Each structure stands twice: as C-alpha cells, then as structure tokens.
Amino acid sequence: MNDRRDRTLVAILGGAVLALFALSLVWGESAIAFGPACADLLAGRHSAGAVILGELRLPRAILAVTVGGALGLSGAALQGYLRNPLADPGVLGVSGGAALGAVLVFYTGLMGLSVAMLPLGGLAGALLAVLLLMGLVGQGGALVLLLAGAALSSFAAALTALALNLMPSPYASFEIMHWVMGSLTDRTFTHVWISLPGTLLGCLLMLTTARALDALALGDEVAESLGFRLRGPAGIQARVVLGTALAVGSCVAVAGAIGFVGLVIPHLLRPLTGHQPSRLLLPSFLGGALLLLVADAAVRVLSTGTEIQIGVLTALAGAPVFFFRVLKMRRGMS
Amino acid sequence: MRRRPALTCLIVIGLVAVWGGARAQTRHRIVSLNLCTDQMLLLLVPRQDIVGVTSLAADCSNAVMCDAARGLPVIRQTAEAVIAARPDLVLGGVYTAATAILAARETGLPVMQVPPAERLDDIPRQIREVARAVGVPERGEALAGAFARRLDALRRVPSVTDPVAAIYGANGFVTDKGSLSDDVLTHAGLRNFTTVAGMGRAHFLPIEMLIARPPDLLVVDRSGVGTSLAQSMLDHPALRDAFPGPHRVTIPARLWLCGLPQTLDALDRLARARDALERGNR
C-alpha cells in the first residue's frame with residue numbers, strides 16, 4: 001500500500017502535519033512563553049503556561065490529527081469500496097448517526113456509568129447508519145447511494161435536534177451546532193484517550209483493505225477471482241463497514257460531526273496518487289489531519305466573540321469540491 | 001353551637017379592619033408568575049394562600065426553596081390560566097409573562113411586579129414591599145430586619161487592594177458589574193475581574209484567556225439541571241489545575257439567582273473563601 005512513488009508526497013504531507021501540530025501548540029488565543037511553559041509542563045508544575053500548553057492546546061492538536069486523519073481515511077476507503085467519488089462519512093450520514101448515538105449517551109447521563117460509554121454510543125450510531133445505508137442501497141447505483149445518504153443524514157440530524165430539545169438541561173438545545181457541525185474547543189485528554197482506541201483500530205482495519213480496493217476497482221468478479229473475499233466476517237465489506245464505523249464513531253463522539261474532510265481530501269490527492277485506491281489511503285489520513293489542523297488554526301484567528309465551529313470551515317472548503325464533482329457527473333451523464 | 005361561626009366571622013372581620021387600617025389586605029388566592037416572587041411568597045404567606053407558582057419553583061437547581069415548593073399548584077404563564085385561577089393578587093417579574101400580567105391588569109386584578117434585585121440592599125426593601133402587598137407587613141418587617149442584621153455582620157469594607165475574583169459560568173460566561181452577584185462579591189471584600197481586567201464588553205471568556213490572566217479567586221457559578229457541554233466546560237481539568245485549593249469556590253446559582261435571605265449564604269461562602277485566600281498568601 002505504501003508505494004515507492006508516493007514517498008515524496010507522504011513526506012511532504014507528514015512534514016506539514018508536524019509543522020502545523022507544533023504551530024498549534026506555540027500559538028493560540030493568548031501569548032504564553034513557550035520555553036518556560038514546556039519546562040514547567042515537563043517538571044509537572046501547574047503554571048499558567050504549562051496548563052494552557054498541556055491541558056488545552058495539546059489535546060486539541062492531537063484530536064485535530066486523529067479526527068482529521070480518520071475522516072480523511074474513511075472517505076478514501078468508502079470511495080474506493082463504493083467506487084463513488086462522492087462517498088464521505090458526512091454525506092452518507094455515518095457521522096450523523098454517530099452524533100445521534102453520542103448525544104443520546106452524553107445528555108441522558110449514561111456517561112455517568114463510564115466515560116467509555118461516549119465512544120460506544122458514537123460507534124453504535126455509526127454502525128447502525130452504515131448498515132442501514134448498505135441495506136438501503138443494495139446493488140443500486142451512485143444516485144441511489146447519494147439519495148440514501150442524504151435521507152439518512154437529514155433524518156439523523158432531525159433526531160439529534162429532537163433529542164437535544166427533550167433533554168433536561170436548558171443548554172442542551174443550544175448545543176446542536178456542536179454535534180452537527182463539530183468543534184474541538186475545550187477538549188481534554190479524557191476525550192483523547194476515549195477516542196484513540198477506536199480510531200486507531202478503525203484506521204488499521206481500513207488500511208488492510210488497500211490491495212482489495214485496487215482489485216475492486218476492476219469489478220466484483222475480478223476481485224473475487226483474484227482471491228479477495230467480498231462478503232463474510234473477514235470480507236472487504238465487513239472490514240470497510242466496521243473500520244469506518246469504529247473510526248468515525250469514536251471521532252464524532254468527542255468532536256461532533258465535522259463534515260466534508262473525507263470528501264475533499266481524497267478528491268485533491270487522487271491525481272497525485274495515480275488514481276489508485278490503495279495508494280490514496282495513507283496520504284488521505286495525512287491530508288485529513290492537515291486540513292483539520294489548518295481549520296482549527298483558522299477558527300482561532302477568525303473567532304472574536306463566540307467561537308466559529310470547525311465544521312463550518314471544512315464545509316466552506318468542501319462544498320465547492322462537492323459542486324465541482326456534481327458538475328462533472330452531469331457532464332458525464334449527458 | 002350556632003354562635004361559633006358567627007364569632008369566627010366577627011374575629012375575621014375585625015382583623016381585616018385592623019389590617020385595612022394599616023392599608024394592608026390579607027390575600028388568600030395569590031398567583032406568582034416569576035421564580036423570585038414564588039420564593040418570596042413561600043417566605044411570607046401560608047401555603048394554602050398560594051394558588052399558583054412557576055414550574056421552576058420546585059426545581060432545586062434554580063430555587064433554593066424547592067423543597068417547600070413541592071406540591072404547590074403550578075400555573076402556566078398564560079393569560080387564560082391566570083384569569084381562570086381567580087386570584088386576588090398577581091405577583092410577577094418585570095420581563096416575563098408580560099401578556100398574562102397585562103391581561104390580569106385589564107380584568108381589574110391587583111398586580112404587583114417585582115424587578116430583579118440588583119444589589120443586596122434591594123432585598124430587604126423588596127421583602128417589605130411584597131409583605132405589604134400580601135397583607136403581612138409584620139412578617140416582612142421581621143425578615144427584612146433579620147436580613148439587615150446578618151448583612152451587617154457579614155459585610156467587609158471594600159478596598160482597592162482586595163483580591164480579584166471572576167464569576168465564571170456555563171459557556172464561559174463572566175458576570176459583569178451591575179448584577180446581584182457582583183454586589184455580593186463587593187460586600188465579601190472581593191473585586192470583580194471584569195472591572196479590573198479591562199476585557200471590554202466581552203461577556204464570554206475562553207478558558208485559555210482566563211488562565212492566561214488568572215484572577216485570585218475563581219467563583220464557579222453552577223446552574224441548570226442535566227448534562228451539557230456548556231456545564232461540562234466548568235469541569236475542565238485545566239481549570240482545576242490552574243485554580244487549585246483556595247483559589248476556587250463553587251456557588252450554586254440558586255443562592256443568588258433571586259434576591260432572598262438565602263443570598264447571604266453566598267456572601268458568607270465568598271467571605272470565607274476570601275479569608276482562606278488571605279491565610280494562604282500570608
């Protein structure tokens with residue numbers, strides 16, 4: 001899956017992720033002396049700088065990388081598996097399902113049992129959404145898939161809004177934006193720890209499908225004749241479905257449904273990876289991480305009063321790509 | 001046997017005449033359309049004289065007298081519900097249930113609107129006013145007097161060297177001056193962060209900004225029921241580590257949401273927190 005031809009691309013993307021990760025630690029809403037803050041943090045002193053660096057900026061930067069990466073990779077894997085360049089966890093309603101699951105756990109106090117309930121709720125919602133989607137679409141084409149996705153995501157958003165309206169907390173109904181748009185504000189290391197296992201496992205599962213996705217690009221029969229199992233518990237479908245649900249469910253549970261990352265990143269990187277699904281996976285992870293780090297930095301620059309949700313920025317970047325793809329599809333049809 | 005009701009009647013008439021002389025008429029069907037007047041009523045009159053309170057009155061995260069309010073009839077804040085309750089006095093706030101209050105006025109019902117208390121000194125005055133309106137001026141006088149005495153015992157003389165405190169609530173809301181909680185801070189010998197930090201008109205402060213310019217005391221203002229992102233922000237570990245031990249105090253919002261005798265419990269807690277802070281510095 002890691003082709004020699006992609007080394008430069010992966011190195012450039014990886015370098016940019018590292019640089020922006022460092023930048024998001026150094027630079028934020030307030031000016032802190034970075035050197036002394038680092039020293040305090042390592043010595044375990046709770047100075048203002050150390051607290052800001054270690055407990056506010058660090059978890060936020062880590063989540064930008066893992067959430068962005070997982071969303072980018074999920075987009076690439078879904079697009080490869082469904083052979084549809086418009087597939088994306090947000091567009092298909094997987095993120096929406098995850099958000100609904102997380103909302104039901106978070107606001108009803110189920111989270112009081114254990115913090116691990118939150119990613120589990122997200123996972124359950126995401127899994128339900130993917131299974132529903134696959135069942136709805138069956139052997140239908142691209143149009144059926146997108147229609148089912150649109151229906152599923154608006155249905156999930158409506159149920160999320162309803163659930164929030166019914167919750168006892170007077171603040172709940174104002175928090176719909178966090179869940180349908182996504183945000184990384186005020187995340188803690190607890191959020192990092194509860195989302196990391198699912199995210200890593202899901203990403204690894206998706207990465208194992210690389211060569212099978214290449215074969216699938218040539219058609220189901222070709223893939224099966226090459227020895228790749230499509231169905232069954234260890235088949236490609238199961239791995240893509242479970243991988244996406246694990247990664248997206250864990251990420252949405254802590255950051256809300258940040259959209260369009262999985263759509264825009266594979267689209268931009270596809271020409272650079274020879275239009276080969278397997279070579280797209282790792283660069284998409286890095287690209288997604290990069291996009292969220294940039295978007296999170298932009299949130300901090302642009303926000304004056306209340307903070308802009310990070311999903312607003314990714315949607316602003318992603319929607320034009322979506323329009324472009326739609327126009328291209330129309331030309332292809334006529 | 002027959003004379004007894006007549007005697008009671010005579011006594012009642014006599015009492016009404018006495019109170020009438022003091023321009024106070026005892027009310028027995030009182031409706032309250034505001035959380036603060038709900039609690040004021042509970043302090044002043046017997047339960048059976050209250051025919052309607054708001055649904056918030058029995059909610060312990062908002063009302064300090066929630067236990068006493070359990071079982072009282074809850075009235076909807078509509079004109080129809082208020083008039084159908086046939087009250088002999090309608091109490092309300094200035095900003096809420098405007099239509100119901102207007103309708104009550106138009107049908108000729110006695111209405112009293114009580115503005116939110118903005119200073120501690122407003123509280124005994126409001127207690128006296130409401131007590132007079134419901135016809136128990138002596139009870140009001142006693143409560144107001146007790147309030148004034150306790151306030152005098154608790155209050156500190158403000159000084160420019162007082163420690164700085166920020167009242168921090170859900171969503172990063174910082175309470176500005178001109179509010180009851182700000183006046184409680186001042187009486188506890190604390191200076192409000194918003195008057196010192198020069199943060200302009202910003203009402204919401206991100207955690208990072210608060211930690212970068214930390215006040216001496218973080219007053220966590222907890223309100224509302226249930227779980228929410230807005231509330232969970234106050235439990236962020238960064239706040240816990242940046243404001244350890246004596247630098248942090250939690251005041252339940254119900255203590256100073258309304259101006260009540262219990263508001264002095266908030267003053268007491270803040271004054272103690274301030275003393276602990278001074279001891280820590282020495």
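This is a predicted model: local features need pLDDT of at least 70, side-chain atom pairs count only at pLDDT 80 or more; totals for chains, interfaces and linings use all residues.
Chain A contains 14 helices and zero strands, and the order of elements along the sequence is accordingly α-α-α-α-α-α-α-α-α-α-α-α-α-α. The radius of gyration of chain A is 20 Å, which agrees with the value near 20 Å for a compact globule of 334 residues. The C-alpha trace extends over about 60 × 50 × 40 Å along its principal axes. Of the 334 residues in chain A, 52% are buried. Among contacts in chain A with a separation of 6 or more, 77% link residues 24 or more positions apart.

Helix 12 of chain A, residues 261-269, is mostly covered, with eight of its nine residues buried. The buried positions are A:Val261, A:Gly262, A:Leu263, A:Val264, A:Ile265, A:Pro266, A:His267 and A:Leu269.

Helix 4 (residues 94-107) and helix 6 (residues 142-166) of chain A have axes that come within 8 Å and cross at roughly 15 degrees. Because angles under 35 degrees count as roughly parallel, helix 4 and helix 6 of chain A are roughly parallel to each other. Their crossing is left-handed. On the helix 4 side, the contact involves A:Gly96, A:Gly97, A:Ala99, A:Leu100, A:Val103, A:Leu104 and A:Tyr107. These meet A:Leu152, A:Ser153, A:Ala156, A:Ala157, A:Leu159, A:Thr160, A:Ala163 and A:Leu164 of helix 6. The residues of this contact comprise 11 nonpolar and four polar, with no charged residue.

Methods:
Residues are numbered from 1 along each chain as its sequence is written. Chains are lettered from A and ligands numbered from 1 in the order in which they are written. Helices (H or I, at least four residues) and strands (E, at least two) are DSSP runs, numbered from the N terminus. The radius of gyration is taken over C-alpha atoms; the globule rule is 2.2 Å times the number of residues to the power 0.38. A residue is buried if 20 or more other C-beta atoms lie within 10 Å of its own, exposed if 12 or fewer, and partly exposed in between; C-beta atoms are placed from the backbone. Two residues are in contact if their C-beta atoms, placed from the backbone, lie within 7 Å. Axes are lines fitted to C-alpha atoms, for helices over the stretch in contact, and angles run from 0 to 180 degrees between N-to-C directions. Angles under 35 degrees count as roughly parallel, over 145 as roughly antiparallel, 65 to 115 as roughly perpendicular and the rest as oblique. A crossing is left-handed if the near helix is turned anticlockwise from the far one by less than a right angle, and right-handed if clockwise. Ala, Val, Leu, Ile, Met, Phe, Trp, Tyr, Cys and Pro count as nonpolar, Asp, Glu, Lys and Arg as charged, and the others, Gly among them, as polar.
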